[in-house]
Amino acid sequence: MAATTPRITAVDTYDIRFPTSRELDGSDAMNPDPDYSAAYLVLRTDADDGLEGHGFAFTIGRGNDVQVAAIDALRPHVIGRPVDALCADPGTLNRDLIGDSQLRWLGPEKGVMHMAIGAVVNAVWDLAAKRARKPLWQFLAEADPAWLVAQVDFRYIADALTPEQAFALLREGRVGAGRRAAHLRARGYPGYTTSPGWLGYGDEKLTRLARQAVADGFTQIKLKVGADLDDDLRRMRAARAAVGPDIRIAVDANQRWNVDEAITWTRALTPYDPYWIEEPTSPDDVLGHAAIRSAVAPVRVATGEHVQNRIVFKQLLQAGAIDVLQIDAARVGGVNENLAILLLAAHFGVPVCPHAGGVGLCELVQHLSMFDYVALTGTTENRVIEYVDHLHEHFLDPVTVRDGHYAAPATPGFSAAMRPESIAKYRYPDGSYWANATAAPDPHTKGAAA
Ligand SMILES: [Mg+2]
């Protein structure tokens, strides 16, 4: 018998790990052997519709159990919530989770606990969009601007962006939204690919994949840099020769350098025309990014995948420290905080080019960029979503990239749900893959027979 008021009945969590380190997929100067992982959760309800909310935090292996434990710690805030009220106003849960008077000590609004909040909040948005029978980008793009403003926590950012300014941006963004939604459905949203440029790939593989990227319709690729300058000069030369002068090549140092090294290294690469330098130094160093930016122009400075909250993004924008803002769907406190960051970027006139890849990050973040295009900034000029061609097969509604563009999702929700068989296989440590891998140890593992 149906409950009169449907409620959240379970927050089920899963430690999912993929053995990507075996192929050096995802390798960069700071992360040489990632096992791409998801601290994954499913919100279940007792509603008759049978709908679930799916969300996750992305990690790269060890520590995914810590991330799952952080999501588990939020469970008491979520169980028993009425589904209608929760989906009508995810912002209330968002504020309650951030405001937990004891868990807050572990942040505030940063790190493992904040990523856990993001995973839970994103699962609520997935459920809300499914109930509205719309893909999340459309759910956001058709939402009342005043309601969207109410979903944003302006605490600590109102000195840079007021609710009134945010409302004006959203109201203006609505003009022509129908036309842009039609264009988005027809053409998609531009992407760029990082697949040629992992640091662990040899020159032949880099060259082959760079040529393939151009043939596939991409107008921008990205190379990992920062381990060895001579190697980077050789790889950059090979990539430029492969793609020609008209394709943008971004470079990504994954926080490898001090400020002075970032300047020297980036300048050394300028003969090969790098489009942006990504994560040149610590994501917390706002003034360092500003110094790098002024020293390496016209090379653009990009960061954001490790920027922990809207307040640091506010400072990066206020300090004129970045040319490109890279939101991540699973780093900050979920859709609510990413709305704040998109609005800040729009207010400061800085293009957003999201971080993606990992596990499911392309699936999630495409919705935020598509909303930004349809109903906020109204443009894709100098905007591209990162694309990495790994692990999409584990998702029920995987991204589709055609001619260098992300196709607009049509399935209701946030595209976050993983295939049950993938969860069963890659659940750590007892899924079938890991159970077998433990039985026959990887020869690279310390202590195994050589
Ligand atoms: Mg990066």
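**Figure 1. Domain 1 and domain 2 have centres 23 Å apart, taken over C-alpha atoms.** The model is predicted. The protein chain is split into two parts here: domain 1 covers 8–134 + 423–433, and domain 2 covers 177–420. Across the boundary, 41 residues of domain 1 are in contact with 37 residues of domain 2.

**Figure 2. Close-up of the side of domain 1 that touches domain 2, where helix 4 supplies the largest share.** Twelve residues come from helix 4. By class, this side of domain 1 holds 20 nonpolar, 13 polar and eight charged residues.

**Figure 3. Helix 11 packs on helix 12 at an angle of about 25°.** Helix 11 spans residues 259–269, and helix 12 spans residues 286–296. Their axes are 9 Å apart. Angles under 35 degrees count as roughly parallel, so helix 11 and helix 12 are roughly parallel to each other. Helix 11 passes helix 12 in a right-handed crossing. On the helix 11 side, the contact uses Val259, Ala262, Ile263, Thr266 and Arg267. Helix 12 meets them with Gly288, Ala291, Ile292, Ala295 and Val296. Seven residues of this contact are nonpolar, two are polar and one is charged.

**Figure 4. Helix 13 and helix 14 cross at roughly 10°.** Residues 310–318 form helix 13, and residues 335–348 form helix 14. Their axes come within 10 Å. That angle makes helix 13 roughly parallel to helix 14. Helix 13 brings Arg310, Phe313, Lys314 and Leu317 to the contact. Helix 14 brings Glu337, Ala340, Ile341, Leu344 and Phe348. The contact has six nonpolar and three charged residues, with no polar ones.

**Figure 5. View of residues 203–299, a span annotated in UniProt.** The record, an unreviewed entry, places the feature "domain: Mandelate racemase/muconate lactonizing enzyme C-terminal" here. The span is 52% helix and 15% strand. The C-alpha atoms at the ends of residues 203–299 lie 24 Å apart.

Methods: Residues numbered from 1 in each chain as written. Predicted model: local features only at pLDDT ≥ 70, side-chain atom pairs only at ≥ 80, totals over all residues. Axes fitted to C-alpha atoms, helices over the stretch in contact; angles between N-to-C directions. Helix = DSSP H or I, 4+ residues; strand = E, 2+ residues; numbered from the N terminus. Parallel < 35°, antiparallel > 145°, perpendicular 65-115°, else oblique. Contact = placed C-beta atoms within 7 Å. Nonpolar A, V, L, I, M, F, W, Y, C, P; charged D, E, K, R; others polar. Left-handed = near helix turned anticlockwise from the far one by under 90°. Domains from an automatic or database assignment. UniProt positions renumbered as here; feature names shortened; annotations may be inferred.
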